Amino acid sequence: MMATLTIRDESTAGKTLGATHIELRESQVTVEEVIRSYVFQRVKDCNVQRAVAPPKPPLVVPSQDEVMINGTQPAQSSSIDWRVEFNKTKEAFRNQQILVFINEEQFNSLDAVVRIEPSTDIKFLRLTMLMGG
């Protein structure tokens, strides 16, 4: 069974900040697989957007003297590595900086198995750490 699902990023106030469509081939998957599919698709979409978007000019252009002293800035990588982002996201999940809700139930384990149906509702809630707290 192939299911196309939408994962919504939400604020703590319940406002939808974005949505990502993923495809899952199995009817039962782990939370880690949901996160992996989400990160893979988000990075893929970002890399496509970066490839077609014109490069942004720098806000400040260094003078010739600054270039002589400091050299040029390294070119920005042409694509983002989804594996790096996946590891960062799993770490954020483990540290409860990202909460995952599937059908309104919060999941705390990457190994938890969830049943996927076309009507499955998935939300990612990103928590922001406050300074000094």
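Which residue in β2 is the bridge partner of Ile7?

**View 1. The hairpin of β1 and β2 in the predicted model.** Thr20 of β2 is the bridge partner of Ile7. Strand β1 (residues 3-10) and strand β2 (residues 16-24) run antiparallel and are joined by eight bridges. Between the two strands of this hairpin lie five residues, and Gly14 adopts a positive phi near 90 degrees.

**View 2. Helix α1 and its buried residues.** The end C-alpha atoms of α1 are 32 Å apart, in agreement with the 32 Å that its 22 residues should span at 1.5 Å a residue. Buried positions of this helix include Val31, Val34, Ile35, Tyr38 and Val39, and also the residues Ser37, Gln41 and Asn47.

View 3. Because its relative accessibility is 7%, under the 20% limit, Val43 counts as buried. When residues up to four places away in sequence are not counted, Val43 touches Ile80, Asp81, Trp82 and Glu85. Ser79 lies 36 residues from Val43 along the chain, with 8.6 Å separating their C-alpha atoms.

**View 4. The largest nonpolar core.** This core comprises 26 residues, and Val31, Val34, Ile35, Val114 and Phe124 have the most contacts inside it. At least two core residues come from each of β1, β2, α1, α3 (82-94), β4 (98-102) and β7 (122-126). Helix α1 gives the most, with six residues. In soluble globular proteins, nonpolar side chains tend to be buried together.

**View 5. Contacts of Val114.** Apart from neighbours within four places in sequence, Val114 is in contact with Ser27, Gln28, Val29, Val31, Val34, Ile102 and Phe107.

Methods:
Residues numbered from 1 in each chain as written. Predicted model: local features only at pLDDT ≥ 70, side-chain atom pairs only at ≥ 80, totals over all residues. Heavy atoms only, no water. Pairing = 2+ DSSP bridges. Helix = DSSP H or I, 4+ residues; strand = E, 2+ residues; numbered from the N terminus. Buried < 20%, exposed > 50% of the residue type's maximum accessible area, 1.4 Å probe, protein only. Contact = heavy atoms within 4.5 Å. Expected span 1.5 Å × (residues − 1). Core = buried A, V, L, I, M, F, W, Y, C linked by side-chain atoms within 4.5 Å.
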